[in-house]
Amino acid sequence: MSNPESSGKPTGAAPAASQAPAPAAPAAGAPAEGAPPKTAKELEKERKKAEKLAKFNAKKAAQADKAKTEQPKKPKKEKKVAEPVPEFIDETKPGEKKVLVSLEDPAFKAYNPKNVESSWYAWWESQGFFKPELTKDGKVKPEGVFSIPAPPPNVTGALHIGHALTIAIQDALIRYNRMKGKTTLFLPGFDHAGIATQSVVEKQVWAQEKKTRHDYGREKFIEKVWEWKEEYHNRIKGQVKKLGASYDWSREAFTLSDEYNPAVIENFVKLHEDGTIYRASRLVNWSVKLNTAISNLEVDNKNISGRTLLDVPNYDKKVEFGVLTSFSYPVEGSDEKLTVATTRPETIFGDTGVAVHPDDARYKHLHGKYVLHPFLDRKLPIVTDAEAVDMEFGTGAVKITPGHDQNDHATGKRNNLEVINIYTDDGYLNETCGPEWAGMKRFDARVKVIEQLKEKGLFVDQKDNEMAIPVCSRSGDIIEPLLKPQWWVKQSDMAKEAIEVVKRGDIKIIPKTSESEYFHWLENIQDWCISRQLWWGHRCPVYFVKLDGVEEHDKLDNDYWVAGRNLEEAQAKADKKFPNAKFTLEQDEDVLDTWFSSALWPIATLGWPNKNAKDLELFGPFSLLETGWDILFFWVTRMILLGVKHTGQVPFKEVFCHSLVRDAQGRKMSKSLGNVVDPLDVIAGIPLQGLHDKLKVGNLDPRELTKAVEGQKASYPNGIPECGSDALRFALCAYSTGGRDINLDIMRVEGYRKFCNKIYQATKFVLGRLGEDYKPPQTSARTGKESLVEKWILHKLTHAAKNAADTLDSREFGESTNHIYNFWYELCDVYIENSKSLIQDGTPEQQQSAKDTLYTCIDSALRMIHPYMPFVTEEMWQRLPRREGETTPSIVVAKYPEYSADFDDVKAHDAYELVLEITKGARSLLAQYNIIKNGQVYVESANDDMFAIASAQQDSIVSLIKGVEKITVVKDAKDVPSGCALQAIGADCTVHVLVKGQIDLDAEIAKVQKKLGAAREFADKTNEGISKFTDKTKESAKESAYKRLEKFTAEIEGYEQTIAILEKLKL
């Protein structure tokens, strides 16, 4: 084969000899024929040009000569492309024990969460490992009981990352206590989520069939919702199982099931009978779009700084908010006007008074007079109210709309003002507004009211106004305070007892901040509206008695309502109330607030109201209620209120409030920001386009969609990597350090996937080292033949087990995961590395001891981390050999490692810590001077104990340092050769590394000087920046600059010391 560099001409070019000669160029400076003679300046210019051209040609010729003599460059090595891992086909039959594939199988050579996590859950479930284990006579085991009622997720779709956090924490506690030998119950279930579910199904029916619920009718529509519930319920259940939650599915509850309903009915009837539940007309949060009252939890307060246009359902154009409109009321019998201001001009039709401060001198002459309504034949009294009016704010006059504002309602009550409702349930003005206005949509009326005020000369001005807009979280509609007859629960008496049980210590609330909030809320508690104008939910078990032949009584009259567990009981109560009267019973159309049924969760799931229910006796009260602090008031307190009221005891002994999950930037998870994380996407991984596609399935408007897509690009530029359930669970628990928020960084979760791989590869390595014929000893007890490193790792193991358990017991999940994480690194990076030489080169006795310790540690480490990482631990633990007589079928029911005094060896621990410090010092010096092979290390100590330890542990030290074949231990510095760098290890020990002759000192000095120059340059620039600081410079910018300067100064000192040492070594 010819050398491609042997010829200087291109293939196919004509031979050089046959090329026509180029015409000769005129000499530099010679004028062309017939041209005028050139000036001196022109001649000089041409001379320089010719010189440049000559240099260029010479350079090109030199490059050509070089190319002829140079050897051809070696082609770059192509990067090896990793072979794709063949897809793992799990041959395990559902519910059977997983068929373990060889770890040499291509699909199992490296850790793959999907392959590792397959099949285990179905087997755990089929074996009944998640059911409470009782004694033979059906009682709780002597070790005690630990029980948690899982907060029921809404049956409205998919779980979010907050659910994953809940499951990770609760399941870790349940698995830990199960391994401690206790009778455990992790009780699962789902909430029917009245408003959310009905809203979703109504949207779906309209989108697919262009029908409303009224087209279906109540019964048929409810059937439709049940169909939808079954489909989504199974989907969520699948998600929960993917996360590894060890629920006892045989006890699964649903708040609208036939089993749960009797508790809800009993709750209502009992409270109605003793007067705790009553009927009253009060202002509620009304969702015009959903046509129902909603709870405060379902209202999102959207803060706006001023004039803002917002989308409102059923309006073609955006509606303006954040504007304070001032207008005047004419004073009756006078030319005077009284100016008021409002952000809701359309509510003018509900105004029934104007309030002024009794001490305001400007309006004393108007006390007791009236203003005239500009659109209606109505006089509004001018009332005095020191509570409602601030003289310094605005004009000092306030319009009062008792039917559509909570504060105005209270003012109206104090001043006996009429309460007028101006809206239909659909958000249109009603007949009380007059024929010209009736039937107009509320925000259309806003515009027209302003127009007509201008026409009447009553409009004053408009100003931007910072405010919070109440938005329905389910429909995006603007909430309207509306006066509605509803069922209410008196809570003040129950609240006193709920406060007392916590103060008494019957219930412990963690953290303390949540306890303080609990007390504050209960001390200021108000009555609870429990009726909802929906179809999906528990229909109120209460009946209106309609007497025959008598004018119908007001439905606000509580005397004409009877509650019953069934129609027969209601009939009997009515007969007793109205003897000899003829009547018909009409059941209330409304359903009960979802929180009214979920407030019974910890007692209804155990069998209440059946006081003889076995589960109530065994597991009540629950050991722990774990949930987010954001629903402490809406759910937790109500469970305590009703639990104590109905059973006379607390429903649970402890409340743990976990943090709320936010994104890496600390922002609230929101679909419109594109930062919502589906736990299944973290487990399985998803490309960026997949995240975009999920957004399109939602109901975001085009602008929000664009913003969300950009948010996803910023947060997850490469999509979300496959992390697996174990890594996600461990990360969420590691994040739980007691703060109110978790800023979740997906890259940290991916980091814990690498930790899973470390566990996987370490166990795989141990299995290889132990060998197929290895039989572990009967017990883990020490034999007395252990080497120092074995004693050290066993000491570390026993303390890690104790610390992990103690911190789990005290709910310090971040600390607990940290103890376990650190032990795994000590096991892998120190003991496993050290054991290689013991197992390869040691005596048979040393080999056996090292293997036995290796087995004890890997077995214990897997069991220790199992509560957090159930899947990878089961996969690897099942491959370990068993001690004689050991029959435990699964790590799920294996014993959690405990503290052993036999392993607690402080002397051995301290001795080996010296070995590690020596190792660390040697590594540091070798790295500092870039010595990567044939390193010569000297350990110097005049301390007899330290000398003995270092001498005895030479092989151990060598095994932990790369690039060193042996070390020398000396008592005196004079025994250390000259030309060494040193590092002190405490007061009595020094490590030396021979540098002279090992490296090119001048080259190393040059390298360090280059780094020193760069550090000085950076320091000078930073100092220059600092010198320009003024009083206006932000403190954060100053702090950042000073920190940078501190860093560069430390680097400069370090480089100068290194140069000084290297210079000294040259002597």
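Helices and strands are taken as DSSP runs, of at least four residues for helices and at least two for strands, numbered from the N terminus. The model described here is predicted. On this basis, Asn291 lies in the loop between strand S5 (277-287) and strand S6 (292-294). Its backbone is marked by a positive phi, near 60°, in a residue that is not glycine. Asn416 is placed in the loop that runs between helix H9 (406-414) and helix H10 (442-455). Most residues other than glycine have a negative phi, and most peptide bonds are trans.

The bond from Trp608 to Pro609 is cis, with omega near 15°, and Pro609 belongs to the loop between helix H15 (601-604) and helix H16 (614-619). Gly620 and Pro621 are likewise joined by a cis peptide bond, for which omega is about -10°. Pro621 is located in the loop between H16 and strand S26 (625-628).

The domain assignment divides the protein chain into domain 1 (111-275 + 495-529 + 589-658), domain 2 (293-483), domain 3 (756-904), domain 4 (910-999) and domain 5 (1002-1066). The interface of domain 1 and domain 3 was examined in detail. The centres of these two domains, taken over C-alpha atoms, are separated by 37 Å. Contact involves 27 residues of domain 1 and 28 residues of domain 3. The size of an interface is often given as the accessible area lost when the parts come together. For domain 1 and domain 3 the buried area is about 2,500 Å², with 73% given by carbon and sulfur atoms. On the side of domain 1, the most area is lost to domain 3 by Tyr111, Tyr176 and Met179, which together account for 33% of what that side buries.

Seven residue pairs in polar contact, both residues at pLDDT 80 or more, were found across the interface of domain 1 and domain 3. The elements giving two or more residues to the side of domain 1 that touches domain 3 are helix H2 (113-117), helix H3 (120-126), helix H4 (161-179), helix H7 (218-242) and strand S27 (654-658). H4 provides the largest share of this side, eight residues. By class, the side of domain 1 that touches domain 3 consists of 18 nonpolar, one polar and eight charged residues. One salt bridge was found across the interface of domain 1 and domain 3. A salt bridge is formed between the side chains of Arg811 and Glu654, with an N to O distance of 3.0 Å.

In the whole structure, the search returned 67 salt bridges. Among them is the pair of Lys379 and Glu332, in which the closest N and O atoms are 3.4 Å apart. This pair links distant parts of the chain, 47 residues apart: Lys379 is in strand S14 (residues 379-384), whereas Glu332 is in the loop between strand S10 (323-330) and strand S11 (337-342).

Toward the end of the assignment, domain 5 covers residues 1002-1066. An unreviewed UniProt entry lists residues 1038-1065 as "coiled-coil region". In the model, residues 1038-1065 are 100% helix and 0% strand. The end C-alpha atoms of residues 1038-1065 are 41 Å apart.

Terms used: Residues numbered from 1 in each chain as written. Predicted model: local features only at pLDDT ≥ 70, side-chain atom pairs only at ≥ 80, totals over all residues. Heavy atoms only, no water. UniProt positions renumbered as here; feature names shortened; annotations may be inferred. Domains from an automatic or database assignment. Contact = heavy atoms within 4.5 Å. Buried area = accessible area lost by both parts, 1.4 Å probe. Salt bridge = Lys/Arg side-chain N within 4 Å of Asp/Glu carboxyl O. Polar contact = N/O pair within 3.5 Å; in protein donor to acceptor, adjacent residues only side chain to side chain. Nonpolar A, V, L, I, M, F, W, Y, C, P; charged D, E, K, R; others polar.
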